[in-house]
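Student: Could we go through some of the labels on this model together? I'd like to see how each value leads to its name.

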Amino acid sequence: MSEELPKLIGELINACNASASPDKFLGLLSTFTAEGCAKGHKGSKLRMEMEASEPELFRFKLDKLEEKKLTILPKYLEMLEYIKQDKKLSKVLAGVAAKAARSESFTSSSSATLDLTSAEDETFSVCSQTQSKLNEVVNKIQARKSGKVETPEAEIFSSPRERRPFLTQDFVFGMECLNPPLSFDDVPPQSQKCHLISDVLWCMLGCSGKYITVNPITEPWELPTFDIPENIDISSKNLLNQILPMAAHHSVIARFLSEVKQLSAGRINQALAAAITLLMTDYKVFVVQMETLLNQQQLQLEKLWYYVYPVLHPVSILSKISQHMGSTKTFGGKTLSVLHDELSMTTSDTQSTEICLYLLKSASVPFFVSLEKWINKGRVFDPFNEFMIIDNVDIESCSFMNKGECYDEYWTTRYMIRKDFVPTFLEKVAEKILRTGKYLNVIRLCKNKKVKEMLPPPIEGLAYEATNKSYLKAIDTAYDFASSALLKLVMEEYDLVNRIKTAKRYFTLEQGDFFVLLMDSSEAELLKPLDDVDPNRLELLLELSVRLCSGAKTDPYKDDICMVLHRCQFYFQLLRIFNIGNEQKEAEFQNMKEQKSQTGLEAFSIGLKVKWPMSLVFNQRVLYFYQMIFRLLLVCKHNERQLCRVWIYDKGVKMLDKQSRQGYQRAFSLRQRMLFFIQNFTFYITEEVIEPNFNVFMEELTQAKDIDCVLQLHLQYLEKSANECMLMNQSLLESIKLIMSKCTEFCDFILSTWSYSMEAELNPLLSSDYDIKPFVHRFEKQPSSSMDANFNINVTSFEETVKKLDSAFNQLLLDFLDLIDGFGKEKQFWKISNVFLRENFNGFYAEELSRLRTSQAD
């Protein structure tokens, strides 16, 4: 209380603008004895109560103060009485009180007026601020869902150096005008070194001294420089130049710690900041020890340098790391990579190695916590978007798992590696880490009763080690367990091999009776215009054909087959895919009108209804390859069926006399060459491409070690088959399209022409086994519906039309064989030369090609 009294007296004198000294009043108060104070207290109390403007209020407040038993109260009453007797002092205090009362009343009245007039504006302002804050929160949530990583630049709060610059333990630049340096000339020579040492110690803690000051920095992360008094001896100046870099390093470290201690810096940077702070605690203890020696007058500059020298090196290492990370704004896994690179470069320096190893171990703790949860449960724990695995949460909200849709995007884009956030010491096993968590996710989402038995035993205690690297062994163990568990689940519980065989059976038309049943039951529906096709009826007919074929009884997955109608034509869709990446071709296709399917046959295909996790194996890309092969085989098989139908008519023509069937000989020859080509081409696709590739695929599948290997082998099998089926080569595909369209044109022409002109002539001669009425019925409704637009229907005779078709087919076939002969010399197309060899069994086409090339050369 004795310390508080002078303070109160001084405030009272300042309020009165008096020039008296507080010591005068303290002297007067000290003259009062305890008894005198007690008597004076009672007298002062009585007089003050009688002279007060409101005696009752004064009495009430005084009783409250007496209850608190304040020892200063008697002296305070004596002082009030003294002030009351001094009329000049009382007048000054009354004026000050009146002025304060007026300002308070004006503030209250103006605020009341503003409250009444601007209530609506304030309400609107609060609402708008609330709405803006909600919009910011919504935008941050959407950015997090879209996978956009917020960098440390996107701070929620301002920098701590801006909010509280004096709490950063760093120099406050730009405040030199408030604390200008003092002149060193006024310091006595015997105390100059003492003042210099004191300033050095202050600078080592981030505060400018009285005589040694810090210069403002021009770059955010540069080492500050210091101004040293010039009128000191050279030896002292040299010693100061050697000691002050310690203060510069401390400044950089403090600057870095103030930045990375923020919430938005991430857990890894915060762990690193905690480790550096712990190391800097020893540094501060060192400075306190130096200050103690200085206060004991046992510290000189030379001795200070002796103590500073061994500490300077470790502090400089921390400063170098802080400067590098602060300038590059490292975040997450990048921080660990920088520390690991620094550790690898300091192998020759034991002290640096120990510091870097300690920092790396401490900073990697949050990372390994997230890594443990990923390889143990397949879950991403990443509250600050700094982990090496990114989780695209939006993909899980899709309906593929409920509806069982084939959804390959989940496997490729749900969990992805952030390459920039992969620590250097985990780059070689980054793919293993990703696959381990993905496999565990697949197992977890299967909702199988045996899933709990397949989950791996938890791996705990992962930590960075420079030599043993036990974390790598733990990652390998988790990967092996997860991959084998998922592979066993897919192969045994979900019977992957038999499902692949089912897909091959129907997509490659392996079951001959399936195609016959399908065409016999649904040909009339498939030949309708696409808009007139009833999908429900077609689906029902497909299901009936699947159930009635010979392999239905032994196929447990036949119900997975479904019907698909493609609006775009098969060849046009393939050509558009081939030209992806070719800007000129893409522009042409964009300007070109899309070639839509005209009939149900052109649009018809089949698909697979599979559920999770089979949708990973039979994903959209895989099904697309299956459908490409199916549509190609469907065209070939349908043309073969039509040519066989023409052969039935030709068999009836043979019953005519020799003179009457002279005009049909060219048609017979053309039909046979077309049929031979299509059968040869179909045999090549099924027996020389698909079957050998499938056998190789089955052998490799038994040796697969994980599900990724299964997916890769499956896709390779389909890509290789599609490539050898000439579906991946644009020139060969266009040539096949022209030949197939010419075969279709010939069949439509023959069947439609004979259905009208030959029925009366041939029907009496044909036996009941070759009744043509079912075939005639089709063309009565749609005569030559699929004929080429360039074909002139108004030809003068049947023989001339066949002759034109024969000439066009021969030319197209020669062009196709010429392409095969050229591509067959390449390694990837060596199989297609078999098509040329079988087509050229008698050497006819080889002679024609040589003659054609000779004429083109001339």
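**Values and their names**

Tutor: Happy to! Helix α22 (residues 512-526) has a kink of about 45°, centred on D520. This is a predicted model, where local features need pLDDT of at least 70, side-chain atom pairs count only at pLDDT 80 or more, and totals for chains, interfaces and linings use all residues. Residues are numbered from 1 along each chain as its sequence is written, and side-chain values use heavy atoms, with hydrogens and water left out.

Student: What makes S735 count as buried?

Tutor: Buried means under 20% relative accessible area (1.4 Å probe, protein chains only). S735 has 9% relative accessibility, so the residue counts as buried. S735 sits in helix α31 (residues 730-757). Setting aside neighbours within four places in sequence, S735 is in contact (heavy atoms within 4.5 Å) with L812, F816 and L819.

Student: Which residues of α22 are buried?

Tutor: They are F514, F515, L518, M519, S522, E523, E525 and L526. Their packing partners include α21 (496-507) and α28 (620-653).

Student: Why are α13 and α14 called roughly antiparallel?

Tutor: Angles run from 0 to 180 degrees between N-to-C directions, and those over 145 count as roughly antiparallel. The axes of α13 (residues 333-344) and α14 (residues 350-363) cross at roughly 160° and come within 9 Å. The two helices are therefore roughly antiparallel to each other.

Student: Which residues of α13 make the contact with α14?

Tutor: On α13 they are L336, L339, H340, E342 and L343. α14 contributes T353, C356, L357, L359, L360 and A363.

Notes: The bend at a residue is the angle between axes fitted to the seven residues ending there and the seven starting there. Helices (H or I, at least four residues) and strands (E, at least two) are DSSP runs, numbered from the N terminus. Buried means under 20% relative accessible area, exposed over 50%, partly exposed in between (1.4 Å probe, protein chains only). Angles under 35 degrees count as roughly parallel, over 145 as roughly antiparallel, 65 to 115 as roughly perpendicular and the rest as oblique.
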